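Here is a brisk tour of one protein chain. Keep the sequence and the structure side by side as you read.

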Amino acid sequence: MKRIIFSIVTLALVCAWAATAASVDGKWVFESKMKAGKKGGGDVTVKTTLDLKTEGSTLTGKVISDRGKRGMTADISEGKIDGNSLSFTTVVKGRKGTQKAVWKATLEGDELKGTQMREGGKRGQPFTAKRN
């Protein structure tokens, strides 16, 4: 009898913990500044939306960047979520060929804080996304 009660209490605690864990599902938005061009152009503000969906420890969705005529949408691949940490990759085909980016972030309250780095790059570009 004690074993059954212990099992029920343990299951209830696990379910309560899972219910209170914050979900990353939904749209997250951040803005970043980028150079407009190589010939002394000014900065351009790029709005990026992370549209995230989880199923267990698998992360899927899209990354949408709005940069005027040069906006892009990329599917998320290799997405993983472990506790409040997540990672995924995106692949974009452009004039310079195919570029793969590695994304890593941590859920901190109502913000996703992380970095985006080109595969093989030495340092990433930090971002802080807020739930939209």
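## Terms and overall build

Buried means under 20% relative accessible area, exposed means over 50%, and partly exposed lies in between. By that scale, Asp75 is partly exposed because its relative accessibility is 48%.

The model is predicted. The chain contains one helix and eight strands. From the N terminus, the order of elements is α-β-β-β-β-β-β-β-β. The chain has 132 residues, and 23% of them are buried. Take the contacts between residues at least 6 apart in sequence: 28% of these join residues at least 24 apart.

## The largest pocket

The largest pocket holds about 1,400 Å³ of space. Its lining is made of 36 residues. Met34, Arg67, Arg70, Gln99 and Arg118 lie nearest the centre of the pocket. Six elements are named as giving two or more residues to the lining: strand 1 (26–35), strand 2 (43–55), strand 5 (85–94), strand 6 (97–108), strand 7 (111–118) and strand 8 (125–131).

## The nonpolar core

The largest nonpolar core has 18 residues. Val24, Leu50, Leu52, Phe88 and Leu112 touch the most other members. Two or more residues come from each of strand 1, strand 2, strand 3 (58–66), strand 4 (72–82), strand 5, strand 6 and strand 8. Which strand gives the most to this core? Strand 6 does, with four residues.

Setting aside residues up to four places away in sequence, Val24 touches Leu52, Thr54, Leu59, Ile81, Leu86, Leu107, Leu112 and Arg131. Two of these partners, Leu52 and Leu112, are also listed among the core residues that touch the most other members.

Ser32 sits in strand 1. Is Ser32 buried or exposed? Ser32 counts as buried because its relative accessibility is 12%, and the cut-off for buried is under 20%. Beyond residues up to four places away in sequence, Ser32 touches Val44, Thr45, Val46 and Gln125.

## Salt bridges

Side chains of opposite charge can pair when their charged atoms come close. The whole structure has seven salt bridges.

One of them joins Lys62 to Asp75, with the closest N and O atoms 2.5 Å apart. Lys62 is in strand 3 and Asp75 is in strand 4, so this pair ties together parts that are 13 residues apart in sequence. Lys62 is partly exposed, at a relative accessible area of 35%. Asp75 is partly exposed too, at 48%.

Another salt bridge links the side chains of Arg131 and Asp110, at 3.3 Å from N to O. Arg131 belongs to strand 8, while Asp110 belongs to the loop between strand 6 and strand 7, so the pair ties together parts that are 21 residues apart in sequence. Arg131 is partly exposed at 33% relative accessibility. Asp110 is partly exposed at 47%. Arg131 is also one of the residues that Val24 touches.

## A salt-bridge network

Which residues are linked in a network of salt bridges? They are Glu108, Glu111, Lys113 and Lys130. Within that set, the side chains of Lys113 and Glu111 meet at 3.7 Å, N to O. Lys113 is partly exposed, with a relative accessible area of 35%.

## Two loops

Gly83 lies in the loop between strand 4 and strand 5. Gly83 counts as exposed because its relative accessibility is 66%, and the cut-off for exposed is over 50%. Gly83 and Thr106 are 23 residues apart in sequence, yet their C-alpha atoms are 9.0 Å apart in space.

Ser57 is in the loop between strand 2 and strand 3. Ser57 is partly exposed, at 47% relative accessibility. How far apart are the C-alpha atoms of Ser57 and Gly83? The separation is 8.7 Å, and the two residues are 26 apart along the chain. Leaving aside neighbours within four places in sequence, Ser57 is in contact with Gly79, Lys80 and Ile81. Ile81 is also one of the residues touched by Val24.

Technical notes:
Residues numbered from 1 in each chain as written. Predicted model: local features only at pLDDT ≥ 70, side-chain atom pairs only at ≥ 80, totals over all residues. Heavy atoms only, no water. 1 Å grid on protein atoms, 1.4 Å probe; cavity = no way out; pocket = protein on both sides within 12 Å on 5 of 7 lines; lining within 4 Å. Points joined across faces, edges and corners; volume = space filled by probe spheres on them. Buried < 20%, exposed > 50% of the residue type's maximum accessible area, 1.4 Å probe, protein only. Contact = heavy atoms within 4.5 Å. Core = buried A, V, L, I, M, F, W, Y, C linked by side-chain atoms within 4.5 Å. Salt bridge = Lys/Arg side-chain N within 4 Å of Asp/Glu carboxyl O.
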